[in-house]
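Look at the aromatic rings in this structure. Which residues form one aromatic cluster?

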Amino acid sequence: MRFSKKTLSAAIACVAAASISFSASATTILKLSHNQDRNHPVHKSMHYMADKVKEYTHGEVKIRIYPNGQLGTQRESMELLQNGALDIAKSNASELESFEPAYGAFNIPYIFHDRNHFYQVLTGKVGADILAASKGKGFIGLTYYDGGARSFYAQKRIEAPADLKGMKIRVQPSPTAVNMIKLMGGSPTPLAYGELYTALQQGVVDGAENNETALTNSRHGEVAKYFSLDEHTMIPDVLVISEKSWDKLTAEQQVAVRKAAQESMLYHKDLWTKMIAEAREKAKSAMGVSFVSVEKQPFIDAVKPIHDEALNNQAIAQYVKEIDALASN
Ligand code: GCU
């Protein structure tokens, strides 16, 4: 069969068009791992982000969320992410400190004066610089999610640092968290979050520290009846993406993912306020947890050396100064 030049070029154009439309309709699926349940505010906020990503990329990029640590602990997820087996992980600044020292600035007790100061940092230059700091280490940060204030909880009231003496307190695998408990007089015990319920129940640890969702979503309120409001840290959750996965996205898709991530952080801010109030109420009325007011100053005094040392630590001094400078805004 012979084709005229015209028919042939029309056929080539057709094949080219087909392959363009094929590549445009090819969907990139990004797997996201985290260790909270489906009713946790952060799961809902990431769901919101996934919907936005799909909308902004016209379905070219979809995020599939795996909750409950199905794909591993936070640490394991970070390892999977670094070797390219996972695309996105929701971790937090404590866990990330061992992977990127910049996140250590968030872990300094009492560095944030209030929630407004915290948001000034998350949405400002220093927040963006910390998200970008891990470039070249296999992952980059996309956004932060409010994780509230962390306080101690146990089967007894913790009203002063002296009450921590002889207590094994579960911490995240973060050098700053370990140091904090030591300075307050307790014995730090690093454990993955998923192991904590059983550890509290069996007395492997005597107490832990977290926000109120630990009592309800993770049911720790069944085995720890006193939540002492010393509010020593405000540690953000952090959404990170593997550099391999990031580089596979087109420039437009990257813009869309960043925009969706940013918007989900603001969505989360209001959701957090609402859901934390609900969690407190549920912990009190349905689980019999007592919320204990404490005088914070003795806790603040005990951990002051952490802030002082951070200002002499090359890796984070600049971030700490910038965070401090935002305190009065
Ligand atoms: C918070 C945070 C989790 C983290 C947990 C912990 O709940 O959202 O990402 O694993 O603290 O204490 O380990």
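Phe106, Phe112, Phe118, Tyr119 and Tyr144 form one aromatic cluster. The model is predicted: local features need pLDDT of at least 70, side-chain atom pairs count only at pLDDT 80 or more, and totals for chains, interfaces and linings use all residues. Residues are numbered from 1 along each chain as its sequence is written, and side-chain values use heavy atoms, with hydrogens and water left out.

A search of the whole structure finds 8 aromatic pairs. Rings of Phe, Tyr and Trp (its six-membered ring) pair if their centres lie within 6.5 Å; planes under 30 degrees apart count as stacked, over 60 as edge-to-face and the rest as tilted. Two of the pairs involve phenylalanine 227.

| Pair | Centre to centre | Angle between planes | Type |
|---|---|---|---|
| Tyrosine 153 and phenylalanine 227 | 6.0 Å | 15° | stacked |
| Phenylalanine 227 and phenylalanine 291 | 5.3 Å | 55° | tilted |

Buried means under 20% relative accessible area, exposed over 50%, partly exposed in between (1.4 Å probe, protein chains only). Phenylalanine 227 has 1% relative accessibility. Phenylalanine 291, at 19%, also counts as buried.

Charges meet rings too. The charged end of lysine 269 sits over the ring of tyrosine 119, 4.4 Å from its centre. Here NZ of Lys or CZ of Arg must be within 6 Å of the ring centre and within 35 degrees of the ring normal.
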